[in-house]
Amino acid sequence: IAIEDERFEEHFGVDIKRTFAATMSYLLNLGSSSFGGSTITQQVVKNITEDKEDTANRKVKEMAKAIQVEHYLDKKQILELYLNIIFIGGNDINGVELGAKYYFNKTAKDLSIAECAYMAGINHSPNAYKPFKTYEDDENPEAKKEAMKEKINKRTKTVLAKMKELEY
């Protein structure tokens with residue numbers, strides 16, 4: 001929640017403040033933004049509908065559906081659904097339980113806070129974080145592995161800092 005949707009408990013499926021900020025960033029940067037405006041509920045809708053179209057019309061429909069979802073499910077149910085369907089990485093690994101087994105060879109309930117922060121952090125782009133990649137075709141595979149390790153550590157620390165900021 002801290003890194004993906006810090007106002008999850010307060011909004012009605014759409015975070016107006018974040019949506020506005022993401023829209024302004026998109027417009028000011030000529031179609032590029034460093035962050036998205038989707039809430040966890042909107043991400044559930046997107047994952048269930050599998051609508052990948054990158055248009056304003058899809059976003060508006062997604063928002064409307066997210067508001068409907070919030071009428072039928074409580075926040076705990078939405079979060080549980082989200083944690084069970086999100087793409088975690090690897091070869092088609094969805095859900096935190098499979099992610100825990102894939103990355104740490106343990107169940108989700110046995111993960112440390114740092115391991116949970118790692119999984120929360122990679123969620124925005126799981127295929128950009130590849131801890132098991134060998135880089136055998138690269139000129140300097142050890143340097144590439146070290147760079148990936150640093151990238152993963154930096155993202156994990158970002159999540160932990162946000163958790164601390166929000167007092168989670």
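## Ground rules

Ala, Val, Leu, Ile, Met, Phe, Trp, Tyr, Cys and Pro count here as nonpolar, Asp, Glu, Lys and Arg as charged, and the others, Gly among them, as polar. What you're looking at is a predicted model, where local features need pLDDT of at least 70, side-chain atom pairs count only at pLDDT 80 or more, and totals for chains, interfaces and linings use all residues. Residues are numbered from 1 along each chain as its sequence is written, and side-chain values use heavy atoms, with hydrogens and water left out.

Helices (H or I, at least four residues) and strands (E, at least two) are DSSP runs, numbered from the N terminus.

## The two pockets

A pocket is an open set of points on a 1 Å grid over the protein atoms alone, where a 1.4 Å probe fits, with protein on both sides within 12 Å along at least five of seven lines; its lining residues have an atom within 4 Å of a point. Volume is the space filled by probe spheres set on those points, which are joined across faces, edges and corners.

The second largest pocket comes to about 480 Å³. Its lining has 21 residues, with Ile 1, Leu 83, Cys 116, Ala 117 and Ala 120 nearest the centre. Helix H4 (75–85), H6 and H7 each give two or more residues to that lining, and H6 gives the most, with 5. By class, the lining splits into 19 nonpolar, 1 polar and 1 charged.

The largest pocket has a volume of about 1,600 Å³. Of the 46 residues lining the largest pocket, Gly 36, Gly 37, Ser 38, Lys 46 and Lys 59 sit nearest its centre. Two or more residues each come from helix H1 (16–28), helix H2 (40–49), helix H3 (56–72) and H7, with the largest share, 6 residues, from H3.

## Where H6 meets H7

Helix H6 (residues 113–122) and helix H7 (residues 141–165) have axes that come within 8 Å and cross at roughly 105°. Axes are lines fitted to C-alpha atoms, for helices over the stretch in contact, with angles running from 0 to 180 degrees between N-to-C directions. So H6 and H7 are roughly perpendicular to each other (the label covers 65 to 115 degrees; under 35 is roughly parallel, over 145 roughly antiparallel, and the rest oblique).

Contact means heavy atoms within 4.5 Å. On the H6 side, the residues meeting H7 are Ile 113, Ala 114, Ala 117, Tyr 118, Ala 120 and Gly 121, and their H7 partners are Ile 152, Arg 155, Thr 156, Val 159, Leu 160 and Met 163. These divide into 9 nonpolar, 2 polar and 1 charged.

## Buried spots

Buried means under 20% relative accessible area, exposed over 50%, and partly exposed in between (1.4 Å probe, protein chains only). In H6, the buried residues are Glu 115, Ala 117, Tyr 118, Met 119, Gly 121 and Ile 122; their cover includes strand E1 (87–89), helix H5 (96–104) and H7.

Over in H7, Lys 162 counts as buried because its relative accessibility is 18%. Leaving aside neighbours within four places in sequence, Lys 162 is in contact with Ala 2, Ile 3 and Glu 6. Ile 152, another residue found in H7, is buried at 10%. With neighbours within four places in sequence set aside, Ile 152 is in contact with Tyr 118, Tyr 129 and Pro 131.
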